[in-house]
Structure formats: structure tokens, C-alpha cells
Amino acid sequence: MSNDNKNPNPLYVLGHSDHELNRLRAQARFLEPVTRRFLSEAGVTQGMRVLDVGSGAGEVAFLAAELVGETGSVLGVDKAPAAVAAAITAARERGLRNVQFREGDPGEIEFDRRFHAAIGRYVLPFQADPSAMLRGLVRHLVPGGLLAFHEPDWTFVRSFPLAPLYERACRWITDTTWLSGQSWNFLDRTRAVFVGADLPPPTMRMHTFVASGSEAQEWLAGVGDIVESLLPTMEKVGVATADEVNIETFRDRLLQEARSNGSLIVGRSEIGMWTKARHDAVAGQAPETE
């Protein structure tokens, strides 16, 4: 299920509909333990000022706000007005005082103070030039500041014994994103992206979801949610039709297949990656003030 990763001009094909924002919240609950582990091991800790890029509905920013505590702060930045509005509302409902959100491109925005860390989840594959994005983020960091990301890879998705609908759905997803100018298989690009940004090679970790039968329900529901968000694009690029997918029954059929086959379901891999900016990388900026 892998593709050559050199297709240019990536496009965010999932959109920012109400369905997609709800999907992101459900995905966040599924990914929270993994992202927490990655950020904690990377060194996000009490008292830090953190920049969360591509913050979406705000879930990673909320997790980071927990890690930095009341003495720290988190600023989430996203280009999508609908996502920023949803994140601001969620922060208000949670009564969080140490997290804020701002609309815009972090590569173009100027900030009053530099950050101890820049973080993101499912951000780098959506950039036309991920290395350029990382270079842009470094200028917002204190010397030796942390860059930590959590990105996906679908290379090892499979089932034993074969669950045909599940594997077909994963091919629909990877083919649709590829034909739209993206590759969601990020593992083989990770080192090159960081080194290409004049950063030290990152420390990396990989977590993969594996479950059988009904235990795979949450992951399979997530696959169904992605297929639903991608369906208009699937039809547009000729990967699958609405009749083929039959989204109304799709999630139930995925689960029934896994149960009846007794299949072991191997899900998407989650890749944690982090490094620190070189101390001379922010030379020429105003000195850091507390």
C-alpha cells in the first residue's frame, strides 16, 4: 500500500466540515495516549511556552496545555477559520486559561515572544515543502528549542487472515490522498525532512495499532470516518464511487468482516519524531526575554 512520495502540490483533502471536525475529535481520543507518550518523551514539560501548528479542533493543544501546566502556555495556530473557531469554543467550555488559538500560517505570523517548543500532529505530510515549514518554525524558537511531531504511516496496514473490505478501504484512502498530491506514508521521509531543514536527525518512535475481531471496532470506525470525509474526493479522482462504498452500511460491514473472519487487524502506524534546533539557528533575532 505504499507509493512514491514525490507527488508535488499537496492539498488538504479532508476539509473542515462539521463531520470532519467531529472525526478529528474522535480520532484525538483514539490517539491521545500515543501523542501524550511522544510529547512527554520528547521533553514537553511544565512551564514551557508551546506553539501547536495545524492545531485543528485544538485537541493536541489541550493535551500540551496539560503537560505544561499553569506555569506554561500553548498557542494553537491553524489556517482554517472553522477549525480555529471550534478550538476557541472548546477551550472556553473547558475553562482553560493557558491555551489560546490564532488563525494564520505560522510561517508568516510574527509572535511577541519565542517558544520553547513547536509541536504538531498530522501536519507535515500536508505541506508542499515540510523542510521549509520546519525552517520557518525554528525562527520562532528559543536557541535549542524543541520540534516534536506525530505523523502517520499506512505502509504496514494489513489483516490476517485477509479482510478484503478493510484492505480495500485502506487502498482507497492511500490512493485518494496520493492522487490528490499527498502521501500519508511519512516514515521513509522523516529523516530527510528534518535534515533538509538543517536540523539534527530526529529521535523516532513508532506505535502501531493491532487488534482482532470486536477489539478492532474503534479503529475500524475511524477508517469508516476517513472514508466518509474522503468520499467526494474519491469519486472526483476515480478511486471509488458512492455506490461501491455504500457509506450508510460501511462501518458495520467492516466490523462484521473482522468478526466473521477472526481477522487480526493491523492499523496505521503512528510515528513520533523530535529534535532540538541548533543553538545558532536563531542567530540575529532579538534576545529572549522572560
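**Pocket, cavity, core and salt bridge**

Trainee: How do the residues lining the second largest pocket divide into nonpolar, polar and charged?

Mentor: That lining has six nonpolar, five polar and 10 charged residues. In this sorting Ala, Val, Leu, Ile, Met, Phe, Trp, Tyr, Cys and Pro are nonpolar, Asp, Glu, Lys and Arg are charged, and the others, including Gly, are polar. A word on the source: this is a predicted model, where local features need pLDDT of at least 70 and side-chain atom pairs count only at pLDDT 80 or more, while totals for chains, interfaces and linings use all residues. Residues are numbered from 1 along each chain as its sequence is written, and side-chain values use heavy atoms, with hydrogens and water left out.

Trainee: What makes a space a pocket or a cavity?

Mentor: On a 1 Å grid over the protein atoms alone, a cavity is a set of points where a 1.4 Å probe fits but cannot get out, whereas a pocket is an open set with protein on both sides within 12 Å along at least five of seven lines; a lining residue has an atom within 4 Å of a point. Grid points are joined across faces, edges and corners, and the volume is the space filled by probe spheres set on them. The second largest pocket holds about 350 Å³. Of its 21 lining residues, Phe-62, Leu-63, Ala-65, Glu-66 and Leu-96 are the closest to the centre.

Trainee: Which residues line the largest cavity?

Mentor: Among them are Thr-35, Phe-38, Val-60, His-150 and Trp-274. This cavity has about 50 Å³ of space, and its lining has nine nonpolar, three polar and no charged residues. Helix α1 gives the largest share, four residues. Helices (H or I, at least four residues) and strands (E, at least two) are DSSP runs numbered from the N terminus.

Trainee: What makes a group of residues a nonpolar core?

Mentor: The members are buried Ala, Val, Leu, Ile, Met, Phe, Trp, Tyr and Cys residues joined through side-chain atoms within 4.5 Å. Buried means under 20% relative accessible area, exposed over 50%, and partly exposed in between, using a 1.4 Å probe and protein chains only. The largest core has 34 residues, and Phe-250 is one of those that touch the most other members. Helix α7 gives the most to this core, eight residues.

Trainee: How do you know that Arg-36 and Glu-32 form a salt bridge?

Mentor: The rule wants a side-chain nitrogen of Lys or Arg within 4 Å of a carboxyl oxygen of Asp or Glu. The N to O distance between Arg-36 and Glu-32 is 2.6 Å, so the pair meets the rule. They are four residues apart in helix α1, which means about one helical turn lies between them.

Trainee: Is Asp-225 buried or exposed?

Mentor: Buried, because its relative accessible area is 16%. Asp-225 forms a salt bridge with Arg-251, with 2.8 Å between the closest N and O atoms. Asp-225 is in helix α7 and Arg-251 in helix α9, 26 residues apart.

Trainee: And why is Lys-79 called exposed?

Mentor: Lys-79 has 55% relative accessibility, which is past the limit for exposed, so the name holds. Its side chain meets that of Asp-105 in a salt bridge at 3.8 Å, N to O.
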